[in-house]
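Subject: Model for your use, with notes

Hello,

Please find the model below, followed by notes on what turned up in it.

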Amino acid sequence: MRLLHASSFQLKSFEGDAIPPYAILSHTWGEDEVSFQDIHGPDASSKAGFKKIQLICSDALDHGLQYVWVDTCCIDKTSSAELSEAINSMFRWYHKSKYCYAFLADVPDGTDVHSPSSAFATSRWFSRGWTLQELLAPKHLEFFSSGGQELGTRQRLSGKISSITLIGEEYLSAPDPHSLLSKASIAKRMSWCSRRNTTRIEDIAYCLLGIFGISMPLLYGEGERAFVRLQEEIMKVSNDQSLFAWEDESYARVYLHDLEIGSLGPFARHPSAFKYSGHFVPDELEPPKEAFASTNMGLQITLRV
C-alpha cells in the first residue's frame, strides 16, 4: 500500500503489519486531478485536485495522523497489475482507515444538509458506484463541503443519507457498518447500487467487490460480462437465493410486445435490475438443502414453490 506523507507530500510504500495509521479520501473525480506521475512534480500544487489533498492532509495532522491515502495519486494507474490489486483491496483499505473524509465538490459552504432539495441531497457523490463502498466501509466517515466546511458524520446524518440512498438507517448509524453487511440479503445489497452509475461499464461490477467480499480479475473491455462474473463469484460463496430476485424491465417489454422468447440466463445485466428487490431477506427458516450452480445447460437449483 502506497501512502502520502501529510506534511512532505512524499509517497512511501508499506506492506502488511508495517502500514501506519492513516486517513483516506472519498470523492468524485473531476478535471485536473493530481495523478501518481504529478504528485512529485513542480506543478502538482497548481492543479485543481490539489485542494482536496491539502484538506485531507491538514485534517489528518489535526488527528495526529502522518499519512493519508488518495486514489488519484497513490495508485500508478499505468500499471494494470497495480490497478487490479488496488481495486480488489479498496474496501479493506477504507475499512482499516482511522478517518475517511468525503469531499463533496458540488456542495458549497453553508449548505443546509437537511433540506430536501439541498446541494447535499443532490450531490454527485451519492450517485456514483465507487462511493457506495466508501460510504459503508469506513468506521468513521465525515463529510466536507467544497470549501472544506464540516457538514457532519455518517452517524449524525444517517437519517438524511438513508432517504437519499435508500440504504437502511441501521447500516449508516452503526459504528462499523461492515459488520452488518453479511446480514443483508444479496438482493438488498444489489439494490443499494441500482441507481448508481460508473463511467466505465465494467466498474459497476468492480465497485461492488468489497460489498460482497469478492475478489476477481479486472478485464476492461468485457462490458456487461463483468457483472455476470461478479454474480457467478457470489454464487460460489453464498446460498442466498435472492441473487436471482431481479427483474429486467427492458427484457419484459421485448417479451410482451414482440412475443419473443429469449434468455438472459439466471443473472442480471446490471444492478438496476434489483431496483425493487431491497425488501428481500435470506430464507433463514429453511436454508437450501441442495447447492445450486451454473452449468452449461443453465441454472441448476431446487426451490420451494
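A salt bridge here is a side-chain nitrogen of Lys or Arg within 4 Å of a carboxyl oxygen of Asp or Glu. With that rule, Asp32, Asp38 and Lys47 are linked in a network of salt bridges.

Two remarks on the source. The model is predicted, so local features need a pLDDT of at least 70 and side-chain atom pairs count only at pLDDT 80 or more, while totals for chains, interfaces and linings use all residues. Residues are numbered from 1 along each chain as its sequence is written, and side-chain values use heavy atoms, with hydrogens and water left out.

Salt bridges

The count comes to 8 salt bridges. In general, side chains of opposite charge can pair when their charged atoms come close. Helices (H or I, at least four residues) and strands (E, at least two) are DSSP runs, numbered from the N terminus. Buried means under 20% relative accessible area, exposed over 50%, and partly exposed in between (1.4 Å probe, protein chains only).

In the pair Asp32 and Lys47, the closest N and O atoms are 3.2 Å apart. Both residues lie in the loop between strand E3 (22-27) and helix H1 (50-62), so the pair ties together parts that are 15 residues apart in sequence. Asp32 is partly exposed at a relative accessible area of 37%, and Lys47 is partly exposed at 22%.

Lys52 and Glu33 form another salt bridge, at 2.8 Å from N to O. Lys52 belongs to helix H1 and Glu33 to the loop between E3 and H1, so this pair ties together parts that are 19 residues apart in sequence. Lys52 counts as buried at 7% relative accessibility, and Glu33 counts as buried at 11%.

Arg269 and Asp248 also form a salt bridge, with 2.9 Å between the closest N and O atoms. Arg269 sits in the loop between helix H11 (249-258) and strand E8 (293-295), and Asp248 in the loop between helix H10 (225-237) and H11, so the pair ties together parts that are 21 residues apart in sequence. Arg269 is partly exposed at 28% relative accessibility, whereas Asp248 is buried at 13%.

Confidence

pLDDT is the predictor's confidence in each residue, from 0 to 100. The protein averages a pLDDT of 91, and 91% of the residues score at least 70. Over residues 252-262 the pLDDT is below 50, and this stretch has 6 contacts (heavy atoms within 4.5 Å) in the model beyond near neighbours in sequence. Where pLDDT is low, the predicted coordinates should not be read in detail.

Annotated span

The unreviewed UniProt entry annotates residues 22-106 as "domain: Heterokaryon incompatibility". UniProt positions are given in the numbering used here, feature names are shortened, and annotations may be inferred rather than shown by experiment. The end C-alpha atoms of residues 22-106 lie 26 Å apart, and the span is 40% helix and 16% strand.

Strands and helix

Strands E6 (residues 141-144) and E7 (residues 150-153) run antiparallel and are joined by 3 bridges; two strands pair if DSSP finds at least two bridges between them. E6 and E7 form a hairpin with 5 residues between them, and Gly148 in the turn has a positive phi of about 90 degrees. Phe144 stands opposite Glu150 in E7.

Leu151 is also found in strand E7 and counts as buried at 7% relative accessibility. Leaving out residues up to four places away in sequence, Leu151 touches residues including Leu104, Val107, Phe120 and Phe143.

H10 has 13 residues and reaches 19 Å from its first C-alpha to its last, close to the 18 Å expected (1.5 Å times one less than the number of residues). Among the buried residues of H10 are Phe227, Leu230, Ile234 and Met235.

Backbone

Most residues other than glycine have a negative phi. Asp32, in the loop between E3 and H1, has a positive phi near 65 degrees. Leu166 has a positive phi near 65 degrees and lies in the loop between helix H5 (158-165) and helix H6 (169-173).

Regards
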